[in-house]
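User: Please take a close look at a single part of this model and walk me through what surrounds it. I would like one connected account, with the cut-off behind each term.

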Amino acid sequence: MYKAVTYQRCRRDRMALSGACRDGMEVRIQESVEELSTDLADYISDLSEATIKERGAFCIAISGGSLVSLMRTLISAPYIKTIDWAKWHIFWADERVVAKNHVDSNYRLAKDIFLSKIPLVPSHLHSINDSLTAEKAANEYEFVIRQLVRTRVVGVSEISDCPRFDLILLGMGYDGHVASLFPNHSVLNEKDDWVTYIIDSPKPPPERITFTLPVIKSAANVAVVVTGSNKADIVHMAIDDVGLECPSVPAKMIQPINGKLIWFLDKSAASKLGGASQTSA
């Protein structure tokens, strides 16, 4: 197994160019997908316990794709018995604007693999209204989150008025997109809305809702989970300091302003990282 490595470096983005350095990120590298899934489950379980003790609830936003399959370990022992599921509130960092029973629905994927097998409070599942247009679904979802911030179910950022989710859990696409924030898309420039929509996703289906960058960066914790050698190049571009010539990679833009960022990688996905990441435990 590979040990967790903490990266401390300035990224050459707007903050770095202004002379300030971001806090370090943690990169956890595991020998196999199975070990990664267990490490992820340990992390989520520990964070859930600590957060519930601190404020009485655990608000987690998830994405779709292979990430959900890696959460399957949480439905096995000991996690299924030890996690206080009644205190969980689950949100979606992005969603495809399709019916909930559609094969492309992130909600359906999570329900089939994970959510239907844990004792959640039904009203604590906060999914989009699939009967609305993308624009209206995004507006309504933001309204729901604002109500939960007002009632202190979801925390609020001390720096901005954005919600402060306890954990935003993301995968990453081959192009470096996270949630439905795609490279060079105008959605990356959204500063005011918490939830926005796109109708021209470069990856089908075209209509989606997504958390905006300010919301992701206001989270207490952000975790990105990536596996496979076919994503090693984009992992390298997202994590390593590859210079100003690096193309726009949304996954490079998500370091929380006042929170923690952790990357969970298997050995294959981490194969092109800088030498520090390859130290074996």
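Analyst: **A strand and its surroundings**

I29 stands opposite L265 in strand β12, a contact belonging to the five bridges that join strand β2 (residues 25-30) to β12 in the parallel sense; strands here are DSSP runs of E of at least two residues and helices runs of H or I of at least four, numbered from the N terminus, and two strands count as paired if DSSP finds at least two bridges between them. The model is a predicted one, in which local features need pLDDT of at least 70 and side-chain atom pairs pLDDT 80 or more, while totals for chains, interfaces and linings use all residues. Residues are numbered from 1 along each chain as its sequence is written, and side-chain values rest on heavy atoms, with hydrogens and water left out.

Strand β12 spans residues 260-266 and is mostly covered, with six of its seven residues buried, that is, under 20% relative accessible area, where over 50% would be exposed and values in between partly exposed (1.4 Å probe, protein chains only). Strand β12 is also joined to β11 by six bridges, again running parallel, and in this pairing V222 stands opposite L261.

A pocket, on a 1 Å grid over the protein atoms alone, is an open set of points with protein on both sides within 12 Å along at least five of seven lines, a cavity is a set where a 1.4 Å probe fits but cannot get out, and lining residues have an atom within 4 Å of a point. G65, M172, G173, K203 and K231 are the closest to its centre among the 23 lining residues, and helix α3 gives the most to the lining, with three residues. By class, the lining holds eight nonpolar, nine polar and six charged residues, where Ala, Val, Leu, Ile, Met, Phe, Trp, Tyr, Cys and Pro count as nonpolar, Asp, Glu, Lys and Arg as charged, and the others, Gly among them, as polar.

Strand β5 (residues 94-96), for its part, pairs with β10 in the antiparallel sense over three bridges, and D94 stands opposite T210 there.
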